[in-house]
Amino acid sequence: MPHINRASSSISPAYTGRVFNAPIPSLRLPDESMDPTAAYRFIHDELMLDGSSRLNLATFVTTWMDPEAEKLMAETFDKNMIDKDEYPATAAIEQRCVCMVADLFHAENLRADDPSSAIGVSTVGSSEAVMLGGLAMKWRWKERVGGEGKKGWKGRTPNLVMGSNVQVVWEKFCRYFEVEPRYLPMAEDRYVITPEQVLEHVDEDTIGVVGILGTTYTGELEPIAEICAALDTLAAGGGPDIPVHVDAASGGFVVPFLHPDIEWDFRLPRVASINVSGHKYGLTYPGIGFVVWRNADALPEDLVFRVNYLGGDMPTFTLNFSRPGNQVVGQYYNFLRMGRAGYGQVMSSLSATARWLADELDRSEHFEVISDGSAIPVVAFRLTGDFGYTVFDISAGLRTYGWQVPAYTMPEGAEDVSVLRIVVREGFSADLARSLKDDLIELLARLDKLQPRGGFDDLHHFAH
């Protein structure tokens, strides 16, 4: 079989003379135009080499929506979200979504007759939302320590306290906006931060503490209420008064429905801002996210820009400017379509599937389950001992069945722990979960059998 060079300078057709029969350049613009059917076929066929998104259990990102939602989103690809005067209905839908998110998280001073009472914005995803939340914390710190004229912060280095388990966007924020990151290490039997760690690392130059509602590594909920209580005690004793930002990218649309009694949001007075991903358990195609603040005082006015060259005097606080309005429309469809009852039903169903899968893994006697899907529908697990193969071998073996299950090492403090993680999303049915379990058990049996003969290198003998 000839070697296929993916970096080739040309693309060869697959259909000889039926559609197109001449190679086209892949790294520069073609000299001539092409029939739309031929262009579609070229791209469609190459994309078949991607893995199936429905079998991708690594991603938190939504891979299925109602056909009606897809139709609405296709109808609004061409609307620029930033042009609020030109697309007032889309702008109104965006603000309604912000209000619904703010209400879900118990923000202050919300009024049913005033959309502007919710302080927040839609974003491309949680990465942009994190940047905006971090900038607001840095500006509030500058106001807090700046003194008269607000210039006293110069020469001081702001810092941000967070676990080593944070998503990489927090590292980006600190580097891009010159904030010292203070990472709190994990332990081999603990994968979230503790209030004691937080108190050891905060000081007058701490702009905030990040708590995660559904960590990327394991799906666990960090003890946000306990962290806030510790910081309350610190402030009451004359220590620094430090806000908390909750990174609810993964759990913000799960915990309010599965665990409504857990206090992690603006019911805790120390929580100043929250980000959430609509394209994760908000059940919308990427990319859509939100960041909301407790009230208007939590968002410094200096960060809000006003532009008038789009037809009106519009305030804006985003890192992106032009972007399509269809993601917001898709999110609004979900909010109307499902409501609180619908989200609750979906999350309960996903959690049940995740917990069933965790029970099956636990029964296999190969794995220790770290998170069982009860917090959010994420199952993380590790091998219980030395079987002669690793979780990385298992991940590679599952790919021969079509499954994409990531394996990785844990963050600082628990680097010696390697885990597998399964994200249960809408579209991953109980039937698919049973198929995954059956394939995994079969793979484990074959790996166990192969060990005396040479281990995982012989996996190709039984690959599908």
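Leaving aside its neighbours within four places in sequence, which residues is Ile-288 in contact with? They are Ser-122, Thr-123, Val-124, Gly-125, Ser-277, Gly-278, His-279, Gln-327, Val-328 and Gln-331, where contact means heavy atoms within 4.5 Å. Keep in mind that this is a predicted model, in which local features need pLDDT of at least 70, side-chain atom pairs count only at pLDDT 80 or more, and totals for chains, interfaces and linings use all residues. Residues are numbered from 1 along each chain as its sequence is written, and side-chain values use heavy atoms, with hydrogens and water left out.

**Ile-288**

- You'll find Ile-288 in the loop between E8 and strand E9 (289-293); helices (H or I, at least four residues) and strands (E, at least two) are DSSP runs, numbered from the N terminus.
- Ile-288 counts as buried because its relative accessibility is 0% (buried means under 20% relative accessible area, exposed over 50%, partly exposed in between, with a 1.4 Å probe and protein chains only).
- Ile-288 and Glu-128 are 160 residues apart along the chain, yet 9.7 Å separates their C-alpha atoms.

**The sheet**

- Seven strands make an open sheet with mixed pairing, in the order E3-E9-E8-E7-E6-E4-E5; two strands pair if DSSP finds at least two bridges between them.
- At the edges sit strand E3 (120-123) and E5, each pairing on one side only.
- From one strand to the next, the twist averages 20 degrees (axes are lines fitted to C-alpha atoms, for helices over the stretch in contact, and angles run from 0 to 180 degrees between N-to-C directions).
- E6 and E7 run parallel and are joined by four bridges; Ile-212 has Asp-247 in E7 as its bridge partner.

**Helix H5**

- Val-169, Trp-170, Phe-173 and Cys-174 are the buried residues in helix H5 (residues 168-176).
- Looking down the axis of H5, these buried residues fall within an arc of 145 degrees, so they line one face of the helix; the arc is that of the directions from the helix axis to the C-beta atoms.
- On the face turned away from the buried side, H5 carries the exposed residues Arg-175 and Tyr-176.
- H5 lies across E4, E5, E6, E7 and E8, and runs at about 170 degrees to E4.
- At the start of H5, a side-chain oxygen of Gln-167 comes to within 2.9 Å of the backbone nitrogen of Val-169.
- After H5 comes Glu-178, with a positive phi near 55 degrees.

**Arg-421**

- Arg-421 is part of strand E15 (residues 418-423), and it counts as buried because its relative accessibility is 7%.
- Its side chain reaches the backbone oxygen of Thr-216 at 2.7 Å.
- Not counting residues up to four places away in sequence, Arg-421 touches a set of residues including Leu-57, Phe-60, Tyr-217, Val-378 and Tyr-408.

**Aromatic pairs**

- The whole structure has 12 aromatic pairs (rings of Phe, Tyr and Trp, using its six-membered ring, pair if their centres lie within 6.5 Å; planes under 30 degrees apart count as stacked, over 60 as edge-to-face and the rest as tilted).
- One of them is the edge-to-face pair of Tyr-217 and Tyr-408, at 5.7 Å centre to centre and 70 degrees between the planes.
- That pair links distant parts of the chain, 191 residues apart: Tyr-217 is in the loop between E6 and helix H7 (224-236), and Tyr-408 is in strand E14 (residues 407-409).
- Tyr-217 counts as partly exposed at 22% relative accessibility, while Tyr-408 is buried at 16%.
- Phe-253, Phe-257, Phe-335 and Tyr-343 form one aromatic cluster.

Key:
A polar contact is a pair of N or O atoms within 3.5 Å; within protein, one must be able to donate a hydrogen and the other to accept it, and residues adjacent in sequence count only if both atoms are side-chain atoms.
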